Amino acid sequence: MLAALGNGVTGGKWYSLMDKVYAPRTLEAAWQRVQANAGAHGIDRMSVEVFAANAPRYLAELSQAIRAGSYVPQAVRRVYIPKAGGGQRPLGTPTVKDRVVQAALKSVLEPIFEREFIESSYGFRPRRGCKDALREVQRQLDAGRVWVVDADLKSYFDTISHEMLMEKLKRHIADSKVLQLIERYLKQDIVTQAERWSPIMGTPQGAVLSPLLANVYLHDLDEEMAKAGYKMVRYADDFVVLCESQEEAQAALERIREWVQAHELVLHPDKTHVGNCQEQGQGFDFLGYRFEAGQRLIRRKSQQAFRDKVKALTRRSCGQSLEYLTARLNPMLKGWFVYFKHAQARIFGTLDAFIRRRLRSILCKQNKLGYYYNSSKTIHQRWPNAFFAQVGLFALYEARLAASRSR
C-alpha cells in the first residue's frame, strides 16, 4: 500500500488518500475482512449475510457515495458485555456498511502510521501480538528489571480527546476529506435501547478503526518513555514499565502521570501501582498472566473466564453424549493451553479436575444417579480419569508436562 501512496507524500504528510479508500479493490478487500470476522448487525439490522447476498451493488454504492462526499456513517449500536471481574464493558457495533468503509480506511492509514510506531507497542498491529509482548516482558524480567510500573488507563477508549486525536492525525495526514471522514466516525451517534446521544470524546470499542486510532493517541507516550530510556511494553491501553530500581519505577510513574493528565486521560487509582514482582504480593497482571514472586501464573480473572466457558459447554441438563461434549471442549481447551502453556504447571491439574467433575455430573444425571452419588468416591471408580483419556478429552496437565519435556 505504501508504494501506491508514495506519490502523495510531501514533508512527512500524506495527500490524496481518499481515492485509495473508495477504490473498488480496496473496498472489496475490506468487505472480505468484515465478512471473515462476521459479527452482529448494526442499527439498520442488516446482517453480514444480507450484505453478502448483494455485495457488488452495496460496494459500488459505497464507492460512489464516498467519492461524491455524501457518505455519512450511521449511529453505533451499543451493547454491554460482562467483564471477567464483574461489571459491564460497553461495546459499539457499527453497521456492516460502516465496518466495510472503516476497514478500507484502516487499510490506507495503517501502513502510514506503522512507519511511525515503535517497538514497545504490540497491540492491534500487523505481525505483532500478545505473545510477542509477553516474551519482551519476560526478557526484561530476566535482565533484572523487576521493579514494575503496572499502569491502567481508566475507560481509555471512552475518554480519548477528539481534538487532540485529530491534531495527532494531522501531523501525517493532509487529505481533508479523509480527516473529515474520521471526524464523522468519532461523532457518530451512539444508541442503546433507551437513549441516543452524540459523543464529545472517545472512540467506540468494537469499531474497526478504533484500535488504530487508540495506538495513534498513545504513540507520543511510547516515544517519550523510550527517549527517556525506560523499558515500556504496551498492548493497546494495557502497559507496564520494567525498571531496575524502585526509584526508577517511581520516576517513570510520575512521568506517565504528567503525560496522562496533559492528554486528558485518567490513571485508575486502584489498578495502577509500583512493585517488586520478585516479592509476594507485589506482582502485576499483564495480558492474562500474573507475574509474582519469580513465577508466571494465570491471573484469577483468566481462570474464572476459563471456568465460565467450561460451564457454558457442560450444563448438567444438556442431554448430549460425552463424545459430543468432548468434541466441543477440545478446541477451546487446546487454544487456551497454547496461550497459557508457560504458566506454572500445578494450575493445569486443578482445571483438569474441574472439567472432569463437570462431565461426571452430566453422566450421573444421564444415568439417573443422585447428587450424593456424584459427591462420593464411587463416581471416580465408575468413571476414573483414564476413562476420559480414552474418550479423547484433552488433558491440560499432561500437555503441560509434554511441553516442559520438549523445551
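In this predicted model, helix H10 (176-186) and H11 each supply at least two residues of the lining of the second largest cavity. That cavity has a volume of about 50 Å³.

**Cavities**
- The count comes to 2 cavities of 30 Å³ or more.
- The lining of the second largest cavity consists of Gln102, Tyr185, Leu186, Gln188, Thr203, Pro204, Ala207, Leu209, Ser210 and Leu213.
- By class, 6 of these lining residues are nonpolar and 4 are polar, with no charged residue.
- The largest cavity holds about 70 Å³ of space, and the residues lining it include Phe113, Glu116, Lys168, His172 and Asp220.
- Helix H11 (residues 210-227) gives the most to the lining of the largest cavity, with 3 residues.
- The lining of the largest cavity comprises 3 nonpolar, 2 polar and 4 charged residues.

**Second largest pocket**
- The volume of the second largest pocket is about 400 Å³.
- It is lined by 17 residues, of which Val34, Asn37, Arg99, Gly206 and Val208 are the closest to its centre.
- Helix H3 (24-37), strand S4 (88-93) and helix H6 (96-114) are the elements that give two or more residues to this lining.
- H6 provides the largest share of the lining, 5 residues.
- The lining divides into 7 nonpolar, 6 polar and 4 charged residues.

**Sheet**
- An open sheet with mixed pairing is formed by 4 strands in the order S4-S3-S6-S7.
- S4 and strand S7 (196-197) are at the edges with a single partner strand each, so one side of each has no neighbour in the sheet.
- Strand S6 (residues 190-191) pairs with S7 in the antiparallel sense over 2 bridges.
- Val191 has Arg196 in S7 as its bridge partner.

Terms used. Residues numbered from 1 in each chain as written. Predicted model: local features only at pLDDT ≥ 70, side-chain atom pairs only at ≥ 80, totals over all residues. Heavy atoms only, no water. 1 Å grid on protein atoms, 1.4 Å probe; cavity = no way out; pocket = protein on both sides within 12 Å on 5 of 7 lines; lining within 4 Å. Points joined across faces, edges and corners; volume = space filled by probe spheres on them. Nonpolar A, V, L, I, M, F, W, Y, C, P; charged D, E, K, R; others polar. Pairing = 2+ DSSP bridges.
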